[in-house]
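Trainee: I am new to this structure. Please take one part, look at it closely, and then show me what else belongs to the picture.

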Amino acid sequence: MSPLSTPDASALPLAGVRVLELSDGRGEMCARVLADLGAEVTLVEPPTGSRARRMPPLVDGHSLYFASHNANKRSAVLDLSTPGGREALLARAAEADILVETLEPGALARLGLGAEALHARNPALVITSITDFGQTGPYRDYQATHAVLMALGGVLARSGLKGQRPLLPPGQLAHETAAVQAAWATLMAYLQALRTGRGDHLDFSVLDATVQVIDPGMGVTGSAAAGRSALELAPRGRPPMGTGYPILRCADGYVRICVLNPRQWQGMCAWLGDEHPFTDPSYGHIGKRFKVIKEINALIAALFRDQPAAELVREGQKRGVPIAAVATPAHVLRDEQFLAREAFAAVPLPGGRQGLTPRGYLFVDGSPAGIRTPAPELGAEGVANEAPRPTHGTQAAARPLAGLRVLDLGVIVAGAELGRLLADQGAEVIKIESSAFPDGLRQGQGNEAMTISFAQGSRGKCSLGLNLRSPRGVALFKQLAAASDVVVSNFKPGTMESLGLGYEVLKAINPRLVFAVSSAFGATGPRSRSMGYGPLVRASAGLTALWRYPEIEGSFSDSTTIVPDHFVGRISATAIAALLIRRLRTGAGGFIDVAQAEAGLGVLATELLRESLQPGSVGPRGNADEFEAPHGVFPCAGDDEWCVVAVRDGCDFAALCEAIGRRELLADPRFADSAGRVAHREELEAAVAEWTAQRTPQQVMETLQSQRVPAARMLRLDEYLQNPHFAARRLFRTFQQPGLAAPMITEAGPVAFSRLPEPELRPAPFLAQHSEEIARTVLGLSEAEIEELVAEGVLETMGAELRALLEELPVVKAAA
């Protein structure tokens, strides 16, 4: 726990950037991320206050959601229903850099405050409109909740256990993760505006971001996927209990392990002893091991059953086996690693109480970029930030990161995703790798030179084969760093330092360098050197314990998700953008430290704040909503077809009763308010299930949405390309990847409609494909020097077999 403090404003990356926010009670975390990074954010509220101030859960009448999502902000009261209020907003917009609004589609335009009017006052203003489905498209006027977004986003179809109904993930994953994607897109547009002097209007859809950020069907998959796509792995029904990242009962709870690469299997194999049938070294290959994974997991379960979690974690760390205890929210708040990292802020609430909430998503230059001041009282504008403001140029439009060079040491999902995001926005991204320590995404089921997952995560990059275990390789890396702008890495903390390539070393070579690292638990703290993957991060951050059926003990259902890897990539990308903006003002680079586990905490900000104030109040909810009913996942006509229906209030309940022909429920006093509906949840949901079972999911969605009741069909990955919303929003594009037979479908940019150029879709590289070109053009080496370095094993070049394959292929062009 750490008290709130106010650091020197000029040291924060976005110091001097002015942001206006208009919100109706959703998406506040986007502007808070900008505020965490130093922007001056003013929440514009009506005289009655933002709806977020009344959102449950409430403690002493105060919203914990508002407290956790509006820290670091100021509050200004404007009545936009009056001419004076609208003029006051236009006047503030004239002095702002960014405006973030989360009102209903077209709401500002109907008030005469649309993008055209705002840009007339301030041509350089970046306007980010965050809505559930976007300003355009067939779902534009649909109503959404977390459940609706999970269903339509393809997440629900992959969550739950075989034999059970689909299970909604915990918390508010859709809006929380989409908020960071919105912040990333906003800063890209702002960098573009600084270059050109011309603002932008970003039409941002939370559903689109849900598809891209949580478990993308057309994106990078984890190591256990052995290079296969999410579409290949997605079952028709619920998946079986996870075998790749098994959760095993122990003496006092549960632990999870992630045994993926050969070295980790060696450690686990030795832990099992010498008598088991899987001691042959060939089981180090993930493909062979997964053919007998159930038998292997049974042996591990027997070994772990009678030992306490803490002892198993210690032994696993000693043997090099990635392992973590499955922590409850109460355990999370006492976790020694999180406390050492000051991951929680003590937030004062109105009435004198104080609770703990995750401080923020990252560290910048050794200090947490997070909560400094509590959420404001209504109308409390405070003292304005007087930091110097960045100035605008008049250059021609280009991709926001054009002209920047990135040295990409990222591996697996979070590392791959970060480099790919930067490449999409125009950066030259050089992936540094070697055959001795290959990226886990290159590991497929056989000996293929390219996998679908690697292609998704590294499209648009170049590959340099460089041996960083040799002094000459280190010297060449330093030479590259001197001529680069950004270095990214997600190695285990201490690895870069052990190579002689830590931030302080590279900063001395290039003070303008932005160095971003991410790891499971962060660069500091007692568990900083522990190996970790997404499943262990989820277990440590409390997500796994909440992601289960409340009535079924041990029914953990997050085995197929790779949260928070893609999310972490966006956190790092947003922070890099912020430091690049600061560099325009100061000329100096900076250091970013992202702990994936703290990203997991961040998506549970409200829940953890509540647990700190009301111990034992936060547990698995399953498909029910604590504060309203009916709400859940309901069966539909057809084979394993499902829909969600998510009543938010009395108006939704009345409309639902009308739509399903059960008007008599409205006259029943038991259902007159939310408390009564929750108390009689089973009866109400039985009535809804009887109605949905006679209709297809599409019919349910269309019927209820026509009455503005939040409802959605459960969409599967193989239905993405036929979905009219995704087609209208141009969410997917196609490109040809050398080494793969079929064209690849991949995501487009982070926001469907804006002035940001679409990513240039270039294929992913083979290992060391561009070594010679980079050695000549960037390092300035002669042919003789290159040959010498190759002979010494310092440089790697692409093998003759792959070179011949490339020469046989036709010229590859990206297809929109």
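Predicted model: local features only at pLDDT ≥ 70, side-chain atom pairs only at ≥ 80, totals over all residues.

Mentor: On the α7 side, Ala174, His175, Thr177, Ala178 and Gln181 take part, and they meet Val206, Ala209, Thr210, Gln212 and Val213 of α8. Sorted by class, this contact of α7 with α8 has five nonpolar residues, five polar ones and no charged ones.

In soluble globular proteins, nonpolar side chains tend to be buried together. The largest nonpolar core here has 128 residues, of which Leu362, Leu422 and Ile576 touch the most other members. Helix α7 supplies the largest share of this core, 16 residues. Setting aside neighbours within four places in sequence, Ile576 is in contact with Leu418, Leu422, Val486, Val488, Val514, Ala516 and Ile592. There is also a second, separate core of 31 residues, which includes Leu476, Leu513, Phe591 and Ile786.

The aromatic rings come next. The structure holds 15 aromatic pairs. In one of them, Phe278 and Tyr283 have ring centres 5.3 Å apart and planes at 85°; planes over 60 degrees apart count as edge-to-face, so this pair is edge-to-face. Phe278 has a relative accessible area of 9% and is buried, and Tyr283, with 14%, is buried as well. Phe338 and Phe344 also form an edge-to-face pair, with 6.3 Å from centre to centre and 85° between the planes. Both Phe338 and Phe344 are buried. Phe133, Tyr139 and Tyr142 form one aromatic cluster.

Last, the backbone. Most residues other than glycine have a negative phi, and most peptide bonds are trans. A cis peptide bond joins Pro56 and Pro57, with omega about 5°, and Pro57 lies in the loop between β2 (40-45) and β3 (58-59). Another cis bond links Ala629 and Pro630, with omega about -5°; Pro630 is in the loop between α25 (605-613) and β22 (631-635). Ile412 is not a glycine, yet its phi is positive, about 55°. Ile412 belongs to helix α16 (residues 412-424) and is buried, with a relative accessible area of 17%. Ala768 has a positive phi too, near 65°. Ala768 sits in the loop between β26 (744-747) and α31 (771-777), and at 3% relative accessibility Ala768 counts as buried.

Technical notes: Residues numbered from 1 in each chain as written. Heavy atoms only, no water. Contact = heavy atoms within 4.5 Å. Helix = DSSP H or I, 4+ residues; strand = E, 2+ residues; numbered from the N terminus. Nonpolar A, V, L, I, M, F, W, Y, C, P; charged D, E, K, R; others polar. Core = buried A, V, L, I, M, F, W, Y, C linked by side-chain atoms within 4.5 Å. Buried < 20%, exposed > 50% of the residue type's maximum accessible area, 1.4 Å probe, protein only. Phe/Tyr/Trp six-rings, centres within 6.5 Å; stacked < 30°, edge-to-face > 60°.
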